[in-house]
Each structure stands twice: as structure tokens, then as C-alpha cells.
Amino acid sequence: MKFQEIKNNIYYCGLNDCDRKIFDELIPLEHGTSYNSYLVKGSEKVAIIDTMYPPMTEEYIKNLEENKIEKVDYIVENHGEQDHSGSIAALLKRYPEAKVVTNAKVAENIKNMVDVPEDKIKVIENGEELSLGDKTLQFIIAPGVHWPDTMFTYLKEDNVICTCDFLGAHYTFEDVFAVPSVELEHSAKRYYAEIMMPFRIMCKKYTQKLKEMKVDMILPSHGPVHKNPDYILDLYEDWTSDVPKNFVVLPYVSMYKSTESMIDYLAEKLENAGIKTLKHDIVDGDLGDLAMGLVDAATIVLGTSMVLAGPHPASVNIAYVASVLKPKAKFAALVGSYGWGGKLFDLIAQLLAPLKLDIVAEPLQVKGKPKTEDYLKLDEIANLIIEKHKSIGIM
Ligand code: FEO
């Protein structure tokens with residue numbers, strides 16, 4: 001349990017969930033996660049900002065009770081997703097005088113998702129303020145920094161901002177303040193890759209806005225609190241940049257090592273030319289590692305075996321995942337191996353089409369193992385990737 005003062009009557013009252021292994025039934029968690037909730041005691045009113053994941057509601061309310069929180073006037077909900085809104089109903093039962101303060105989109109979501117009665121909700125507009133006495137909450141509606149309902153809450157007098165899922169990390173901690181480390185940066189990047197990358201343009205916009213606001217602290221809804229906002233904002237500036245790095249990711253699935261040998265060959269050629277590469281075995285690999293690779297990659301080389309008369313279903317899944325994550329990659333190549341015939345790349349190309357990637361060469365479809373002439377074609381693909389990277393000034 002946690003209850004820690006962050007600054008001048010602003011308290012952390014969230015919980016770590018060390019045992020959670022997967023998020024949204026999709027994203028593997030390396031370090032569990034935290035669901036952050038903040039309590040703000042003004043001279044006249046008390047507000048809670050964001051609540052708790054439903055299975056941890058009992059522990060969450062007990063934590064508030066043990067820390068003698070007898071009165072809550074406002075429950076500010078920055079986002080409707082249940083990991084933050086899941087305890088509103090229980091909080092309203094415990095603190096029946098409280099009103100839920102949120103924007104219209106969150107209001108619609110919490111009515112439908114967590115059964116919050118309409119008459120308990122106070123809908124606010126972008127920029128509106130709410131006084132707690134000596135503290136003022138200002139609401140900044142930030143649609144598309146994850147969900148269309150996303151909002152930030154700025155505590156004006158203290159110059160701190162609760163950024164909801166934005167700038168978070170699936171990470172657990174003892175002390176709520178971030179201590180920069182390789183592990184934290186890794187977790188924050190992985191979180192950005194899996195959750196925020198589809199909204200890169202909006203993340204870039206709000207990274208800039210927060211830099212301009214020169215806030216003293218960033219209080220996200222997962223992971224530690226940032227006393228040094230530039231630490232996380234500088235990382236986001238890099239990850240959201242429009243310019244990819246001199247880096248190629250090569251996700252592949254290979255039933256009899258033929259496709260794998262092509263991927264190995266290409267990766268070695270590219271590395272020898274000075275391009276960093278990440279080979280990713282789609283079946284055995286961790287999806288989060290691939291997503292992190294996609295944050296920076298300029299080129300995606302997808303390798304697949306054929307199953308029946310089409311691409312291996314695992315490669316279809318990855319092409320779909322890549323298309324929804326919307327990485328900034330600019331180039332692609334497709335290679336693969338088949339046994340008796342069919343269409344290896346049509347579906348993959350269709351799934352990747354929304355990314356508008358420049359496919360650098362005719363997809364290479366090899367029967368069985370690659371032969372001498374196939375290796376020559378792989379040389380050609382490697383050379384074309386090198387030229388493309390040079391053409392955008394990253395090597
Ligand atoms: Fe952490 Fe979108 O909820």
C-alpha cells in the first residue's frame with residue numbers, strides 16, 4: 001500500500017500490481033504495473049484524481065481509510081478506461097457527497113463502462129477551472145493522446161500536471177519518484193511503443209506543450225512521478241521525432257529455417273554496412289521488443305514461410321500489429337520461402353498498406369532454401385535499403 005506526499009498536500013494514493021503479466025490481453029508486462037491515483041487536499045475541498053483497476057478496489061479504499069481520508073468532494077476522471085475509472089462506483093459509495101468531474105467523452109464512457117450515474121457527474125470544458133480553496137485544478141482536454149476522451153489535470157499553484165496514461169510506464173516502485181535508470185527508460189519506451197506510438201503526432205504535440213509549460217512535476221497514471229520532467233519529455237521528443245534512425249527491424253517466421261537464413265543473410269549485410277538491425281523471431285519473441293524496435297526503425301523487413309497457399313498466420317498477425325502501431329518507418333522489404341506454391345505476400349502487403357511504406361524491391365519468394373541467384377537478389381535488397389537510408393540522411 002502506498003500513501004506518500006508528493007508536494008504540498010498532494011499525495012500519491014495508487015497501488016502497485018506486481019503480479020500482472022499482460023495488459024489488454026495483448027501486451028506482456030515485464031515489471032507489472034502501477035495504477036496511480038492522486039489525492040489533492042485544498043483548504044476547502046478534497047479531490048481525487050483518477051481511481052483504480054477494478055480488482056484492486058478494496059485495497060485502494062482501505063488505503064484511503066487507513067490514511068484517514070474521511071471526505072472527498074471531487075473525483076476527477078482524466079480518462080474512462082477501467083484501469084483508472086474502475087473504482088468510481090465504490091468511491092461514490094464510500095464518499096457519497098463526492099461528484100465526478102470530467103469531460104463529456106469520459107462521462108459517456110464511465111456511464112457505459114463502470115455504471116456511474118449521470119446525476120453524479122459534473123461535465124467540464126477544456127480550460128475550465130475548479131477551485132479547492134487554495135488550490136486550483138485546470139482541465140486540459142487532450143484527445144488522441146491515447147483515447148479520444150483523454151484529459152490532463154493541471155494543479156496551477158503547484159505547477160504540477162497529471163497526464164493520465166501519457167508519459168507513463170508499466171513499472172512498479174517503492175518510492176514514487178522516478179530514479180532514471182536503464183530499466184525505467186526501457187519500460188517507458190516499451191510503454192510508449194505499445195500504447196502511445198499509434199498517437200505519435202499527438203504525443204509529439206503535447207510533449208512540446210508540456211516543455212513550454214515548464215511544469216515542476218509530471219504525475220502520470222502508470223509508473224513513477226517525474227520530479228525532473230525533462231527526463232521523460234526528452235525521451236518522448238526522441239521517440240516521437242519524424243526522423244527514423246539508421247536501423248532495420250526484421251520480424252520473421254520460419255518453419256524450416258529457409259526464411260530465417262535469408263533474414264540472417266540480410267541482417268549481416270546491413271550490419272556490415274553500418275546499419276543497426278533487430279532480428280525478431282515472431283513465434284518465440286516478445287511482442288514488446290518488436291514494438292520497441294518499431295519506435296526507431298527506418299525499414300521493416302518482414303520474412304515469412306508459406307502455410308498452405310498463403311503467408312504464415314503469425315506473420316499476418318505481425319503485419320496487422322505493425323499497421324495499427326503506426327511506426328514512423330519509411331521503407332520495407334518482403335522475403336520468404338514456400339513449398340508448393342501460392343501467394344506469399346499479397347495479404348501482408350495489403351495489411352501494411354496503411355503505413356505507405358516504400359517497398360524497396362520486388363518481394364523475394366524462394367522455393368525451399370535460397371540458392372545462389374537468391375543470395376544475389378538479397379544483396380540487391382540490402383543495397384537498396386542502404387541507398388534509401390542514405391537518401392533520407394540517416395547514414
Ligand atoms: Fe491506463 Fe488507457 O488506461
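This note comments on the domains, strand pairings and pockets of a predicted model.

1. Basis of the note. The model is predicted, so its local features need pLDDT of at least 70 and side-chain atom pairs count only at pLDDT 80 or more, while totals for chains, interfaces and linings use all residues. Residues are numbered from 1 along each chain as its sequence is written, and side-chain values use heavy atoms, with hydrogens and water left out.

2. Domains. The domain assignment gives domain 1 (4-239) and domain 2 (249-388); such bounds come from an automatic or database domain assignment. The C-alpha centres of the two domains lie 38 Å apart. Domain 1 contributes 13 residues to the contact and domain 2 contributes 14 residues, where contact means heavy atoms within 4.5 Å.

3. Area between the domains. Domain 1 and domain 2 bury about 1200 Å² between them, and 64% of this is on carbon and sulfur atoms. Buried area is the accessible area (1.4 Å probe) that two parts lose on being put together, summed over both. On the side of domain 1, K189, M197 and P198 lose the most area to domain 2, together 40% of what that side buries.

4. Strand β1 (residues 4-7) pairs with strand β2 (residues 10-12) in the antiparallel sense over three bridges. Strands (E, at least two residues) and helices (H or I, at least four residues) are DSSP runs, numbered from the N terminus, and two strands pair if DSSP finds at least two bridges between them. E5 stands opposite Y11 in β2. β1 and β2 form a hairpin with two residues between them, and N8 in the turn has a positive phi of about 35°.

5. From β2 to β8. β2 also pairs with strand β7 (residues 38-41), in the antiparallel sense and over three bridges; here I10 stands opposite V40 in β7. β7 in turn runs antiparallel to strand β8 (residues 46-49), to which four bridges join it. K41 has V46 in β8 as its bridge partner. β7 and β8 form a hairpin with four residues between them.

6. The largest pocket. Rolling a probe the size of a water molecule over the atoms shows where empty space is left. On a 1 Å grid over the protein atoms alone, where a 1.4 Å probe is used, a pocket is an open set of points with protein on both sides within 12 Å along at least five of seven lines, and lining residues have an atom within 4 Å of a point. The largest pocket has a volume of about 320 Å³. It is lined by 18 residues, of which L26, I27, E194, I195 and L325 are the closest to its centre. α10 gives the most to this lining, with four residues. Because domain 1 and domain 2 both give residues to the lining, the largest pocket lies between them.

7. The second largest pocket. Its volume is about 210 Å³. Among its 15 lining residues, Y256, M306, S337, Y338 and G339 lie nearest the centre. α8 (258-272), β19 (299-307) and β21 (331-338) each supply at least two residues of the lining, and β19 gives the most, with three.

8. Which classes of residue line the pockets? The lining of the largest pocket has 13 nonpolar, two polar and three charged residues. The lining of the second largest pocket divides into seven nonpolar, seven polar and one charged. Ala, Val, Leu, Ile, Met, Phe, Trp, Tyr, Cys and Pro count as nonpolar, Asp, Glu, Lys and Arg as charged, and the others, Gly among them, as polar.

Definitions and conventions: Points joined across faces, edges and corners; volume = space filled by probe spheres on them.
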